[in-house]
Amino acid sequence: MIGERGGVLTRPIEIDGVDADVPIRPATRLTSGDRVFRTLATAATSFSLVIVGITFVFLVNESRPALESAGVWSFFTTSVWNPTVGKFGVLGLLEGTLIISAIAMVVGVPLALAMALFINEYAPSWLRSPLTSIIDLLAALPSLLFGMWGFFALQHQLVPVAKFLTGHFSVFPFLQLTRPTATLAQSSFVAGVVVGIMITPIITSVSRDVMAQVPREQCEGALALGGTRWGMIREVILPFGRNGIVGASLLGFGRALGETIAVALIISPVFQANTHILERGAGSIAALIAVRFGEAGQLERSGLIAAGLALFLLTLVVSLVARRIVARSAAVR
Amino acid sequence: MTSIADDTLEAAKPRGLLHAEGEPATLDAIAVSAWFGSSKVLERCTLTMAARRVTALIGPSGCGKSTFLRVLNRMHEVIPGAAISGRVELDGDDIYGQAMSATQVRTKIGMVFQKPNPFPSMTIGDNVLAGLKLSRTQIPHRHELIEECLTRAGLWNEVKDRLHEGGMSLSGGQQQRLCIARALAVRPQVLLMDEPCSALDPISTRVVEETIAALAHDITIVIVTHNMQQAARVSDQCAFFLVEELRQPGRIVETGETKKMFEEPDDPRTLDYVTGRFG
Amino acid sequence: MTVSKRRASREDRVVDLPALERVGSAPVLAPTEELHLTTRSAHQDLFEGPPSGDRPRRRRKLTPEDHAATILSMLAGGAVALTLRVLLDQNGILGTLLWWYLSALVVFYILVRDRSDTEGALDRIVTVLIWSAGALVAAVLAWMLAFLFVKGIPALTGGFFTHDMSTVGPLTPGGGGEHALIGTLEQVGLATIVVVPVAILTAVYLHEIGGRLARPVRFIVDAMSGLPSIIAGLLVYTVWVDGRSFSGVAGAAALAVLMLPTVTRASEEILRTIPDTLREGALALGAPQWRLIVKVVIPTAMAGLVTATILGIARAVGETAPMLLTAFGSDSVNTNPFSGPQSDLPLFVWKLIRLPNASQLERAWSGALVLVLLVLVLFVAARYVATRSQRKLRTTR
C-alpha cells in the first residue's frame, strides 16, 4: 500500500533531477538497498507459504497407510479404533469433539457477550483497563492449568450439578444416564464447561472490539427516545454487532474443536459417540492424539495423523469463515 | 418541492389520533448549572419554555446551549462525570425528582440531534416505531401511526412506497425528518432540537424549518441554533447564551420575544451578537 | 472534545473583547440574574438568600429502594437455596450458590417490577446478570490462581531448580524440574529467535510493501492463527521427527509454527497504527523505503512489537500438546536441544499430573506454579512495555 505511495512520491524527484542533479543521486544509489530489503521481506514471507505447503503434503502422505488399511469411506463413517487389526473410524471421535465444543459454546458465548457488554457499557471507566487485562491474562494462561483446575477443583463442584440436572431434567435425552450408577465425572459436560471458560477471552475481545464501533450518536438516539440501557443494547448495539458476534463465536468454536490438553486431562476417552453428556466417557480427536501418540505403533500413528488431518480441515474451515465474517463486520462500520 | 409543502400543510391540521395524549407542556428550567467533571459549563440558567411555542437558544459556540438542552431531558447525565444542580420542571413536576425515571422523562421530552442518527439496522417504518419498541409498548395501529408521524414530520409522501428500505438509504435531510418522526411517535410533550439543520443543505434546512413551524401548534419546541436567520424565522422567543470569559461557565444573558431580541434587545452584547458583530 | 471546546471558547474570547468593553462602560449594568427575574417571577425566592443547591449533583444509579430490593432478594434467595439444599440433599457448594443466585434473581425481578414497568425491570435484571458475568470471570481467575498457589507452594523448594527426575522414584522425596526449566528456556528461546525476524519482516511485507504475495500470505496467516496446537505438533512430527528422533529443536519448530501467525498478525496491527504522515514525511525528505522502515517505522513501532513478541512467548511457554509429539520429554537434564528427547515445564507437569502418587502430584503442581509464574512475569512485562510506551507517546504529544 505504502509502496505505491512511495512510488508516487519518488517520481517527481526524478523529474526534478533533470535540472537539479543533487537530489537524484541518493535516490538511485539507495534503490539497491531497497531491492535487498524487499527480497529479504519477500523471502521471509514465502517462508510461511512454503512451510504450510510442505506440511500439508507430508500430512496427507503420512496418513495414507491408515486410510488405506481402514478405507477412506469407513474411516469417516465408523466408530472403531483397533490398530492391531488396522481398523480406524473417527465418526464417534468427531461427534464427541463436536459435543464438547457445543457445550463450550453454550457456556462461553453468553458469558463472553455479557463480559464484552460489561466492559463496554456497564463497568465504571476505572475498571475498564483492569478488566481488559483480566481477559488477556485468561487468554494467556496455559491450557494445562485450565485442565488441572477443571479436573481437581471444578469437577467436584460440577458433579452435584450434573446429578441435579439428570435428576430433574431427564426429559432431555442427552441429560439421561445409561444406568443409574453411572459415574458423573470425566464427562463431556465437565470438559465442555472448562473449554467454555477457555474460549471466553477470545470471544469477548473480538465481539467487544466490534460492539465498540457502534457510533455514539446511535446509542444516544436510543436513550433519547426513552430507551433503557438494555433497550439500547437490544435495539442498537446487538443488531449492529451481530456479524461480529457470530464471527467471534465461530472463532471460539474453532478453538474449542482443537483444544487438547485441558480435554485430555478431564475426559476418559472413548471411541463411540457418547451422547449422554453427563456421563463418564467422551470423545475428542485432539485429546486422543495427545494421549495415544507416545505409545502408538507405526500404523496407529498414521491413523492418529489421519484423524488430525480431519480435525485440521474442520478447524481451518471454521476459522477462515469466522475471520471472513469478522473482517466484513469491521469493514461495514 | 411542492409535494413537501403539501405535506407540511397537511401536517399542520390537527389530527384525531394525535391528541389522545401528550398535550404540550411548559418546561421550566430554574437555576440550572451543569458540570463536566470538575469544570462548570453552565451557570444558573433560568428559562421558561412555554407550551405551544418555539424557543430558540442562541449564542456563540461553546457557550453551553447544547448542554442546557441535554439537561432538559436528562441526556446530560449519560456522559461520564456529568453533574447538574438546579431544577427542571415539566408542568410543575420535577424531572430530576424521585417520581420520574430518566427513561420516562425522555419519552415525555423528545430530542433530535445535530447529526441525523436513524438506526441503520432498522427499516424506515421500524425507525419510526423504534421508541415504542424500546419501551416495549404495544402498538395497535402500526401503519396508521407510521403514516401519521411521517406526515407530521413532512416525510410521508417521499417515503410511503419504501417503508421497508433501510433508514440509511435516505438523504441527509430526509434522515433528519425521519428522526423527527421517530421522536414524535413516542408522543412527547416537548421536542428538543440540537442544531437540527447544521448538517443539512439549504433546501433540506428549509423543509425542516417548515416542519418545525407546522409542529409548533401542538408541541413545545426548544431549538438550539447557530444560524441567526433561522432563529428569527422559526422561534417565538429566544434565550441568548454567552461565555463572558475564558474557562467561565456559560450564562443566559438575555431572554425575550424573538422580535424584541432581534430589533431592540436590552443587553448590548445581544445586539452585537444578533447583528453579527461577533460569534 | 475538550480540545475543540477550549478552542471554541478561546475564539469566543477574542471576538468577545469589544463587547465586554462596551458592557463595562455601560451606565447601567443589569446583573444576569435580575434578567431572569423578569422572565419568571414565580421562582423569585430561589435567587434570594444563599444560592441554595448550586452544588453539583451527580446521577445516582442506585436508589435506596434498589439497595433494599437487592438485600431482600439476596436474603430470600438464600432461604430458598438453603431449603433446597436440605430438601434435595445436595452437598455441592456450587449447586447451592447457583440456586441462591437464581432465586434471588427471580425475587429481585418481582420486587423491581412492582415499582416500575416491565422494561425497567428487565433493564435491572440485565444489569445484574451482566455484572454477575464480570464477577464470575474474575472469580474463576481468582479461584484458579488460588488453587494453583495452594497446591503448588508446598513442594516448591530450592531443590526444584537444581534437581531433575532421573534418580527419583515415585515414592522417594526430592527431585525437581531443572531439566524441564532448561528445556523450556532453550525451546522457547530458539523459537523466538526464528519467529521474531520472520514475523516482523512478513508484517512489513504485508503492510509496507504489499507485493503479490500479500493476499495468499494473509490467507495463510489467517488460517494458521486458528491452528489447533496439537496439529502444529503433528506437522513437525511428520516433516521432521518421523524417522529421526524427538528433540528440543523439533519442539521449538512446533512453537515457531504456533507463534508465527499470532506475532505476524499483531505486528501488522501495530504497523497499521503508525500514521501515514510519518512515512510520507520521511519519503518527502528523500529517504528510500528501506531506510524509512528501518529508521522510522520500526523504531516507532518498537514498543508494540516488543509487547506482541512477549505475549507470543507467554502463550508458547505453556504449550503442551505439540511438545508431546516433538520434544517428547525425558527425566534427566539434556542441555543439547539438537539431539535426543528433551523435557520442558508443560511436559514435566503433564507426565506427573496423570500419576496416582501424591508426591508426584505435588511436583506437578509445583511445576505448574513455576510455569504460570513465568507466564505472569511475561504478561506483566508486556503490559509494562505497552503502558510505558503509551505514556511516552502522550507526553511527546
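The expected span of a helix is taken here as 1.5 Å times one less than its number of residues, and the legends below refer throughout to a predicted model.

**View 1. Helix H6 of chain A, its span and its bend.** For helix H6 (residues 143-168) of chain A, a straight helix of 26 residues would span 38 Å at 1.5 Å a residue, whereas the end C-alpha atoms of H6(A) are separated by only 33 Å. A bend of about 55 degrees is found in H6(A) at A:Leu154.

**View 2. Helix H5 of chain C and what covers its buried residues.** Helix H5 (residues 93-115) of chain C has 23 residues, which at 1.5 Å a residue should span 33 Å, and because its end C-alpha atoms are 33 Å apart, the span agrees with that expectation. The residues of H5(C) that are buried are C:Gly95, C:Trp99, C:Trp100, C:Ser103, C:Ala104, C:Val107, C:Phe108 and C:Val112.

**View 3. The contact between chain A and chain C.** On the two sides of this contact stand 82 residues from chain A and 84 residues from chain C. Helix H2 (residues 24-70) of chain A supplies the largest share of the chain A side, with 23 residues. By residue class, the side of chain A that touches chain C comprises 55 nonpolar, 22 polar and five charged residues.

View 4. Chain A holds 12 helices and two strands, and from the N terminus its elements follow the order α-α-α-β-β-α-α-α-α-α-α-α-α-α. Of the 333 residues in chain A, 51% are buried, and among contacts between residues at least 6 apart in sequence, 76% join residues at least 24 apart. The mean pLDDT of chain A is 86, with 89% of its residues reaching 70 or more. Over residues 1-10 of chain A, however, the pLDDT is below 50, and the model gives this stretch 14 contacts beyond near neighbours in sequence. Residues 22-30 of chain A likewise have a pLDDT under 50, and for them the model has 14 contacts beyond four places in sequence.

View 5. Chain C contains 15 helices and one strand, and buried residues account for 43% of its 397 residues. Among the contacts in chain C with a separation of 6 or more, 71% are between residues 24 or more positions apart. C:Phe328 belongs to the loop between helix H13 (321-326) and helix H14 (345-353) of chain C, and its phi is near 70 degrees, a positive value in a residue other than glycine. C:Phe328 is buried because 22 other C-beta atoms lie within 10 Å, the cut-off for this class being 20 or more.

View 6. Strand E9 (residues 237-242) of chain B is mostly covered, with six of its six residues buried. In a regular strand the side chains alternate between the two faces of the sheet. Strand E3 (residues 54-58) of chain B runs parallel to E9(B) and is joined to it by four bridges, with B:Ile58 standing opposite B:Phe240. Strand E10 (residues 251-257) of chain B pairs with E9(B) in the antiparallel sense over six bridges, and here B:Cys238 stands opposite B:Gly256.

View 7. B:Ala31 lies in strand E1 (residues 27-36) of chain B, and its phi is near 50 degrees, a positive value in a residue other than glycine. B:Ala31 counts as buried because it has 20 C-beta neighbours inside 10 Å. B:Ser39, which is part of strand E2 (residues 39-49) of chain B, is exposed because 12 other C-beta atoms lie within 10 Å, a residue being classed as exposed at 12 or fewer. Between the C-alpha atoms of B:Ser39 and B:Val190, which are 151 residues apart along the chain, the separation is 29 Å.

Methods:
Residues are numbered from 1 along each chain as its sequence is written. Chains are lettered from A and ligands numbered from 1 in the order in which they are written. This is a predicted model: local features need pLDDT of at least 70, side-chain atom pairs count only at pLDDT 80 or more; totals for chains, interfaces and linings use all residues. Two residues are in contact if their C-beta atoms, placed from the backbone, lie within 7 Å. Ala, Val, Leu, Ile, Met, Phe, Trp, Tyr, Cys and Pro count as nonpolar, Asp, Glu, Lys and Arg as charged, and the others, Gly among them, as polar. Two strands pair if DSSP finds at least two bridges between them. pLDDT is the predictor's confidence in each residue, from 0 to 100. The bend at a residue is the angle between axes fitted to the seven residues ending there and the seven starting there.
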